[in-house]
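Here are my notes on the model, point by point. Please read them with the coordinates open.

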Amino acid sequence: MICDPSWTGRRSSARRLLNGSILAIALALCVSPAAGAVTPGQAISWLDAQRAANGIPAGIAEDTEWNEGCRLHMAWYAKNRTASNPHIETPGTPGYTTTGAFAGAHAVLAFGVDWARSSAYPWRASDPWESAPIHLMQLLAPELSVSGFSPVCMITSGGYQRIPPAEPELLTYPGNGTRFIYATEQADEWPFTPAPFVGLRQGATTGPYLFVLGWGTGNGRLTSASLKGPKGPLQVRTVDNSTTGPLGDLGSYMPPGGMLIPVKPLTPASTYTATATFAPSPAVIERPAAPAEAGTISFPSYEITGNLQELSPGESQTAPTPLSVSWSFRTAAAPRRSTRCRAGRTHRASCRSQER
């Protein structure tokens, strides 16, 4: 369902923007926003709490200029709802500002839904990008250390400024030992979810998308992954920074890392163990010099892609050491069911139960 009238007819109303090597994507869901505007401090504190609860570095600093940039960008979009990409402010369009243009180019957006208080999560809030795995992965990237917010715009790639650890490591979402993750997920984001890249249909109901987040690793690929539950191994499919397909370059949408996608929903209130190995990509690739004309001197050239390593002419790149991670988590219990009955027939078969 689509709440934004200007995008009527599209299957999903999430938005995307190419920003360097990362595409900032935004999600729109047909959900009523929380009563009263969420403040930047509230939103950033909730994201901080979500990250901390899963062992991801928190302490995100609020940039007040970026708050204003997000506000200006959303005001611009309100005047330009026919824009082909709601992230990109075109100079000369109504409401254009350089501050708003920066925010739009470095943030995820959401339409029709915002942060809200929720007892379903340990951090006591629902993230509006929770069912948009590419967006959520950008918000949970370990490198994020500065952000700005205005309903419903949140800076991501502009704030990837955290100093990496001395030794690269892998973090996960959900975190090790957590007990909140939903057993099923129906991912919804535009122009695509990761599902069709691994042979699943867009909008497929799967288990929760499981993130492997590289910190200090640079981009790379998952070379192995597994998921084991109460009844043994489960089928998972993976995407990572190297994933491409007919729909586009999925890997460039993602911060360093990958995702495990359980093909089928998991069982509520059950414990699972996941493992993954992530191989960082060589950052400096020596390219052969073009054949030189007689009497000239040629030098090799190098392409920098992430993990900077200085090479001498003729020296080969050494691939970074792959990293492995293993973690366990417990799925949340199934939603409680309430029973609605006619007066005096509280426990009769004619009562109908509904999820709440």
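What pLDDT does the protein chain average, and what share of the residues score at least 70?

1. Confidence. The protein chain averages a pLDDT of 81, and 74% of the residues score at least 70. pLDDT is the predictor's confidence in each residue, from 0 to 100. Residues 284–289 fall below 50, yet this stretch has 23 contacts in the model beyond near neighbours in sequence. A contact means heavy atoms within 4.5 Å. Residues 294–309 also stay under 50, with 41 contacts beyond four places in sequence.

2. Ground rules. This is a predicted model: local features need pLDDT of at least 70, side-chain atom pairs count only at pLDDT 80 or more, and totals for chains, interfaces and linings use all residues. Residues are numbered from 1 along each chain as its sequence is written, and side-chain values use heavy atoms, with hydrogens and water left out.

3. Helix α4. Helix α4 covers residues 133–140, and eight of its eight residues are buried, so it is largely enclosed by the rest of the structure. Buried means under 20% relative accessible area, exposed over 50%, partly exposed in between (1.4 Å probe, protein chains only). The buried residues are P133, I134, H135, L136, M137, Q138, L139 and L140. Helices are DSSP runs (H or I, at least four residues), numbered from the N terminus.

4. Helices α2 and α3. Helix α2 (residues 64–79) packs against helix α3 (residues 98–105) at about 90 degrees, with the axes 7 Å apart. The two are therefore roughly perpendicular (the class for angles of 65 to 115 degrees). Axes are lines fitted to C-alpha atoms over the stretch in contact. From α2, the contact uses E65, W66, G69, C70, L72 and H73; from α3, T99, G100, F102, A103 and G104. These residues divide into five nonpolar, five polar and one charged. Gly counts as polar here.

5. Aromatic pairs. The structure holds 10 aromatic pairs. Rings of Phe, Tyr and Trp (its six-membered ring) pair if their centres lie within 6.5 Å; planes under 30 degrees apart count as stacked, over 60 as edge-to-face and the rest as tilted. Y121 and W123 are stacked, at 5.0 Å centre to centre and 20 degrees between the planes. Both residues are buried. Y173 and F180 are tilted, at 5.7 Å and 50 degrees.

6. Ring cluster. Which residues do ring pairs link into a cluster? They are Y121, W123, Y173, F180 and F211. Y173 counts as buried at 0% relative accessibility, and F180 at 4%.

Terms used:
Axes fitted to C-alpha atoms, helices over the stretch in contact; angles between N-to-C directions. Parallel < 35°, antiparallel > 145°, perpendicular 65-115°, else oblique.
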